[in-house]
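Biologist: I'm new to this one, so could you walk me through its charged pairs?

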Amino acid sequence: MRLSITHTTTYRYDEPVAYGLHELRLIPQSGPSQKVESWDTRIAAGRRQVRFTDHHHNIVELVRVESGATETVVVATGTVVTTDTAGVVGPDQGQTPQWLYRRATELTAPGPNLRRLVRSVDRGTNDLQILHGLAADVRNAVDYEPGTTEVDTPADAVVEAGSGGCQDHSHVFVAAARTLGYPARYVSGYLFVEGGQEDAGHAWAEVSVNGLGWVGFDVANQISPDERYVRLAVGLDYRDAAPISGVRRGAGGETLEVDVSVAEQGSVQQ
């Protein structure tokens with residue numbers, strides 16, 4: 001599929017900003033399941049300071065908010081051609097060690113609720129059977145109800161609450177997979193749906209499987225990512241892979257508005 005993506009993030013501040021710095025992970029990269037044909041990021045009331053590749057191999061840009069700004073707008077647009085690889089991304093091309101993705105974080109630490117969930121998992125006869133079974137168990141334990149959690153809700157609290165969004169499904173799955181001994185990571189990205197409009201981006205998980213490399217699992221939709229998915233960034237949890245994060249100094253509060261549009265654009269020549 002050829003997918004056209006527009007991702008607009010708007011910060012509005014109650015008072016002029018004294019100092020602000022945004023960390024952007026808004027540049028997808030070509031790989032086995034996708035080819036980036038074009039991509040551009042525009043920033044209003046902000047100036048790029050530096051661009052680098054982090055230890056998860058995400059492209060990161062640091063943007064300083066203009067002093068005195070009352071609004072910052074970041075618009076990422078581009079076209080990506082995708083291929084259905086049944087969720088298989090393959091091995092990393094860089095030098096990041098596998099043990100890094102077995103490490104628990106504040107958002108993926110295995111508490112008592114998550115450990116009970118893991119104990120009920122059918123261990124199956126092979127890795128893929130175990131992991132698809134785990135994805136089904138997580139989905140059964142956590143109803144899909146976006147807006148019932150916060151971005152910093154830990155996985156164990158999500159299991160206790162029994163509801164959450166795709167971010168929460170991903171955190172619970174990652175935490176459970178690590179508890180079972182698998183290297184696992186969080187993925188932020190985009191999902192094409194009929195109508196082409198979402199309030200925000202999508203999230204899923206990837207697990208390192210012997211013989212295949214990294215394999216994706218979308219717990220919310222109970223499938224492995226196909227040609228409708230575009231990978232944006234990866235990390236140990238949401239905080240590592242968030243499209244935009246940052247800090248601000250100044251009085252007053254702020255509001256955040258995110259609009260994501262993913263549309264199919266013509267056909268792909270074979």
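Biologist: How many salt bridges does the structure hold?

Modeller: Keep in mind that this is a predicted model. Side chains of opposite charge can pair when their charged atoms come close. Here the number of salt bridges comes to 13.

Biologist: Which residue meets Arg 2 in a salt bridge, and in which strand does that partner sit?

Modeller: The bridge spans 3.0 Å from N to O, and the partner of Arg 2 is Glu 37. The two are 35 residues apart, so to speak in distant parts of the chain, with Arg 2 in strand β1 (residues 2-13). Glu 37 belongs to residues 34-44, which is strand β3.

Biologist: Is Arg 2 buried or exposed?

Modeller: The cut-off for buried is under 20% relative accessible area. Arg 2 has 18% relative accessibility, so this residue counts as buried.

Biologist: How many residues apart in sequence are the parts tied together by Asp 54 and Arg 25?

Modeller: Asp 54 forms a salt bridge with Arg 25, and their closest N and O atoms are 3.1 Å apart. Asp 54 lies in the loop between β4 (46-53) and β5 (59-65), while Arg 25 lies in the loop between β2 (19-24) and β3, so the parts tied together are separated in sequence by 29 residues.

Technical notes: Residues are numbered from 1 along each chain as its sequence is written. This is a predicted model: local features need pLDDT of at least 70, side-chain atom pairs count only at pLDDT 80 or more; totals for chains, interfaces and linings use all residues. Side-chain values use heavy atoms; hydrogens and water are left out. A salt bridge is a side-chain nitrogen of Lys or Arg within 4 Å of a carboxyl oxygen of Asp or Glu. Helices (H or I, at least four residues) and strands (E, at least two) are DSSP runs, numbered from the N terminus. Buried means under 20% relative accessible area, exposed over 50%, partly exposed in between (1.4 Å probe, protein chains only).
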